[in-house]
Structure formats: C-alpha cells, structure tokens
Amino acid sequence: MQQRVGSLGAIQQLESRTDEQLLSESKHRAAARAILGARAAERYDAKAARAYFNEALAGAHPQERPALRQMMKASLALAERRPDELREAVEKLGQEPPSARQLLMLRLMGLVAPSPGSSILLRIRGWLLLLVIVIVLLAVGFGLAHLVALPFGGVGTAGAILLGLLIVVAVLGVLALLGRRRQAKAKAQRAAGGGER
C-alpha cells in the first residue's frame with residue numbers, strides 16, 4: 001500500500017511537469033510514463049501512448065498494474081477514437097464519463113480521421129466525409145453571403161463564394177478560440193482541484 005502511494009500516487013505531483021522532465025524522471029518512473037502515455041493519447045497518438053504505458057507497466061509493482069491497465073485502456077480508447085470503450089473504461093476508473101456531446105465529437109472524429117492502421121476504405125470514407133463537410137459549409141456560407149448582401153443590392157456568384165468562405169473561416173475561428181478558452185479553463189480547474197487534494 002505504501003509503495004502504491006509512492007508510485008502511482010505521484011501522478012498528481014508530476015502532472016505539472018513538461019514532457020522532457022517526465023522523460024528524465026527516475027524516482028517515479030512508472031507514474032511519469034503513465035502521464036506521458038495519457039498525453040500522447042490526448043494527441044491521438046496511439047502508438048506512442050501504448051509504448052509509454054507498456055514502459056509504465058514494466059516498471060510498476062504487481063498491485064499497481066490493474067489500475068495502470070485500466071488507465072491504458074481508457075487512454076487507448078481515446079487515442080483510437082472508440083467512444084463506447086472510453087466511457088466504459090473511464091467509469092471503471094471511478095471518474096465521471098465524458099458527456100454525450102464529447103462522445104459524439106469523438107465518434108465524428110473517428111469517421112473523419114480514422115486511427116492510424118485503419119483500412120484504406122475507412123481512410124477514403126474519411127476523406128469523402130471531410131469533402132462533403134467542406135462543401136456543405138461553403139454552401140451555407142454562400143447562402144448567408146447572398147442573404148446578407150440582398151439589402152445592399154445583391155452580390156455576384158464569385159463575390160458570394162468569397163464572402164461565404166470568409167464567413168465560414170470567421171465562424172470556425174471564433175469556435176476554435178472559444179473551445180481553446182474552455183479547455184484552458186477546464187485544465188486550470190483540474191489543476192486547482194488536484195492542488196487542493
């Protein structure tokens with residue numbers, strides 16, 4: 001029990017460190033590798049996540065391995081874009097599962113950008129789906145540009161396409177900015193919550 005607190009219990013202490021610092025960590029090597037595996041999974045790099053978790057498992061004590069395996073299962077489900085397995089693994093870890101909206105986005109991402117090693121048909125389907133999404137967004141932007149330009153005497157097709165593209169880029173930029181702010185706020189709340197414990 002004391003060893004568990006010393007090794008896996010060190011995860012919260014090490015979370016604020018950079019990847020380079022975690023790679024050079026020697027005292028709590030298993031915890032550092034588990035954090036690196038989780039970070040690789042957040043970048044959707046399943047190969048690196050699996051390698052880091054395997055290193056963590058090799059350096060962990062037998063009583064720590066079930067918890068590490070569960071963390072690995074959840075991280076790999078995220079990296080490989082498998083929402084149902086992710087929800088199940090996170091619930092088994094005793095944490096709050098991702099929201100339905102987050103799981104829907106992960107499912108959509110799995111369709112558009114399948115995990116590395118997927119069949120060629122899945123990749124082609126992803127490219128076609130991405131092309132359809134781009135065409136639909138441009139069509140919506142084109143329609144909005146025509147609608148906005150009506151009171152000013154209308155606009156030609158080429159102008160509407162250009163305005164539509166600008167509208168879509170602006171909306172996507174605002175959504176990306178809001179998403180980043182929300183992520184930064186959630187990360188700060190997690191760090192504050194971890195510090196209070």
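Residues are numbered from 1 along each chain as its sequence is written, and side-chain values use heavy atoms, leaving out hydrogens and water.

**Overall build**

- The protein has ten helices and zero strands, taken as DSSP runs (H or I, at least four residues, for helices; E, at least two, for strands) and numbered from the N terminus.
- Its radius of gyration, over C-alpha atoms, is 22 Å, whereas a compact globule of 197 residues would come near 16 Å (the rule is 2.2 Å times the number of residues to the power 0.38).
- Along the principal axes, the C-alpha atoms fill a box of roughly 75 × 40 × 30 Å.
- Of the 197 residues, 27% count as buried (under 20% relative accessible area, with exposed over 50% and partly exposed in between; 1.4 Å probe, protein chains only).
- Among contacts (heavy atoms within 4.5 Å) with a separation of 6 or more, 35% join residues 24 or more positions apart.

**Confidence**

- Mean pLDDT (the predictor's confidence in each residue, from 0 to 100) is 82, and 92% of the residues reach 70 or more.
- Confidence is highest in helix H5, at 88, and lowest in helix H1 (residues 2-7), at a mean of 46.
- Over residues 1-6 pLDDT stays under 50, and the model gives them eight contacts beyond four places in sequence.
- Where pLDDT is low, the predicted coordinates should not be read in detail.

**A look at helix H5**

- Ala46, Ala49, Tyr52, Phe53, Ala56 and Leu57 are the buried residues in H5.
- Those buried residues fall within an arc of 140 degrees seen down the axis, so they line one face of H5 (the arc uses directions from the helix axis to the C-beta atoms).
- They pack against helices H3 (19-23), H4 (29-42) and H6 (65-79).
- Turned away from that buried side, the other face of H5 carries the exposed residues Lys47, Ala58 and Gly59.

**Gln70 in helix H6**

- Gln70 lies in helix H6 and counts as buried because its relative accessibility is 17%.
- Leaving aside residues up to four places away in sequence, Gln70 touches Ala89, Lys92 and Leu93.

Technical notes:
This is a predicted model: local features need pLDDT of at least 70, side-chain atom pairs count only at pLDDT 80 or more; totals for chains, interfaces and linings use all residues.
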